[in-house]
Amino acid sequence: MIPVSLPKISDEEKQAVMRVLDSGMLAQGKEVEALESIFSKFCDTKFSVATSNGTASLHTALFAAGIKPGDEVICPVFTFVATANSILMCGATPVFVDVDERTYNIDPQKVLEAITPKTKAISVVNLYGQCADYDELKKIAKENNLLIIEDAAQSVGATFNGVKSGKIGDVNSFSFYATKNIMCGEGGMVTTDNPDFARRALLFRQHGQDGKVKYEYHMLGYNYRMTEMQAAIANVQMKSVDKFTNQRIENAQKYYEGLKDINGIILPHVDERCKHVFHQYSIRITDKFKINRDEFAKYLEENGIGYGIYYPKSLNRYDHLKEFGRFDYRVSDILCNEIISIPVHPLLTADEIQFIIDKIHAI
Ligand SMILES: *Cc1c(COP(=O)(O)O)cnc(C)c1O
C-alpha cells in the first residue's frame, strides 16, 4: 500500500528524543524554546509560542486576539472541524461561508456578505498548503476593522506575494500533527508580530503564568504546553523543511504533467501570487469522468494506493455545527462529493508516482 501520508523519521529524530529522555527534563524547556526561535526566524515573525497540538494553538491564537463570548468569527465551511471548534472554545460563534471554486479557500466576496456588527475576525484556512486570497481578505479586514487569523495547519513554508504563511495574519496557528508537512506526532505553534497577542498566548498556554515568576497567575490559562520530546522531533524536522517542501512541489509537478488533459478530472489550481506547499494534492473527480469519486476511491484502494477525502461533509452538516450555517454552501457541497487527495508526500519514489498516474489513466 502506498500511504497517503508518511512521516519522515530518521536516526536524527530518534537520537534527539533519546537525548531528551536521558536528560531527565521532559516538560517544556530548552528544546521548546529552540523550536520557537527557529519558527520565528522561519516565518519572520517577532514571536512564536509552542503548544501541545494544532487545536490548542488555534484556541490560543483566537484567545490572544481577544475573541470572546458574543463575538462572531467568519470561517470557511470547507475545512477541518478544529477551525470551527476552536471558535466555539472561546465561547464565540463561527459563521460559515462558502469557498472559492478554483482554490477551495474562503471566498472573500462571501466573507463580505457575512459581516455583522458582532464580527471580530476571520479565521482563514490555507487549504491543502495554498494561501487564501489575502489581497482581498486584508482589504475587507481593514475596512471593517476585523482581525485575520491564519489557520496555517497545512501551510508551513507557503507564501503569499512572497510573505510567509504565519506572518500574513494578525496571529496565526500551525499544527505538527503526524501527517502535517512538519510533524512531531502532536504539536502546534502560534506566531505573531504583536507583543500583546504574544503575551496573551504565553499566559494562556500555561495557567496564566508568564514563565518568569512561578505560581503567579495573571489570568485563567490552560495547560497547552509542548513536551521536550515533541520539540526535539520538530527541531530536527525543521532542518529539512525546505527540502520536504521542494520534494512535495516536485511530486505535484509530476502529477500535473502525468494527469493533464484527462476529461472529467480537475487538477489543483495554483494562484500565481502563491507558493503552494502541497500538504495535499487534491483532485476533483467530476461527473464528466467515467466513474464517480467513491468508485475512484475504491479503485485506488484495490490497487494499493492510499487516498484521503478532505473533507466528506461541509461543516454545517454536523449536528453540533448546523446552527452556524446561515448561507448556502453550493461549492463546498460539490467539493465534498468530488474531492480526493492522492499521495504527494516526500517519501514517494518516482516509480510510485508513475504507478499512480498509470493506474488513473487505466480507468
Ligand atoms: C490539522 C488541522 C488542525 C488541527 O491540528 P491538530 O494538531 O490536529 O489539533 C486545524 N486546522 C486544520 C485546517 C488542520 O488541517
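The questions and answers that follow concern a predicted model.

Q: Which space does the ligand take?
A: A molecule is assigned to a cavity or pocket if more than half of its atoms lie within 2 Å of the grid points of that space. By this rule the space taken by the ligand is the largest pocket.

Q: What is the volume of the largest pocket, and which residues lie nearest its centre?
A: The space in the largest pocket comes to about 520 Å³. Its lining has 29 residues, and α3 and α4 are the elements that give two or more of them. By class the lining divides into 14 nonpolar, 11 polar and 4 charged residues. Nearest the centre of the largest pocket are F80, Q154, Y177, K180 and Y311.

Q: How far is a polar side-chain atom of S175 from an oxygen atom of the ligand, and what share of the ligand's accessible area does the protein cover?
A: Side chains of several residues come within the 3.5 Å limit for a polar contact. An N or O atom in the side chain of T55 is 2.5 Å from a ligand oxygen, and for Q154 the distance is 2.8 Å. For S175 the distance is 2.7 Å. Of the 380 Å² of accessible area that the ligand has on its own, the protein covers 92%.

Q: Which element gives the most to the lining of the second largest pocket?
A: This pocket holds about 260 Å³ of space, and among its 13 lining residues Q28, G29, E33, R205 and Q206 lie nearest the centre. The lining has 3 nonpolar, 5 polar and 5 charged residues. At least two residues each come from α2 and α7. The most, 3 residues, come from α2.

Q: How many cavities of 30 Å³ or more are there, and which residues lie nearest the centre of the largest cavity?
A: The count is 3 cavities. The largest has about 110 Å³ of space, and its lining is made up of 6 nonpolar, 5 polar and 3 charged residues. Of the 14 lining residues, those nearest the centre are L6, P7, K8, K180 and R248.

Q: How much space lies in the second largest cavity?
A: Its lining includes R102, Y104, H269 and H276. By class the lining divides into 4 nonpolar, 6 polar and 1 charged. The space in the second largest cavity is about 60 Å³.

Q: What is phi of D44, and what is phi of H207?
A: D44 is in the loop between α2 (30-43) and β1 (47-51), while H207 is in the loop between α7 (195-205) and α8 (228-239). Each has a positive phi although neither is glycine. Phi is near 60° for D44 and near 55° for H207.

How values were computed:
Residues are numbered from 1 along each chain as its sequence is written. This is a predicted model: local features need pLDDT of at least 70, side-chain atom pairs count only at pLDDT 80 or more; totals for chains, interfaces and linings use all residues. Side-chain values use heavy atoms; hydrogens and water are left out. On a 1 Å grid over the protein atoms alone, a cavity is a set of points where a 1.4 Å probe fits but cannot get out, and a pocket is an open set with protein on both sides within 12 Å along at least five of seven lines; lining residues have an atom within 4 Å of a point. Grid points are joined across faces, edges and corners, and a volume is the space filled by probe spheres set on the points. Ala, Val, Leu, Ile, Met, Phe, Trp, Tyr, Cys and Pro count as nonpolar, Asp, Glu, Lys and Arg as charged, and the others, Gly among them, as polar. A polar contact is a pair of N or O atoms within 3.5 Å; within protein, one must be able to donate a hydrogen and the other to accept it, and residues adjacent in sequence count only if both atoms are side-chain atoms. Accessible areas come from the Shrake-Rupley method with a 1.4 Å probe; for residues, only the protein chains shown count as cover. Helices (H or I, at least four residues) and strands (E, at least two) are DSSP runs, numbered from the N terminus.
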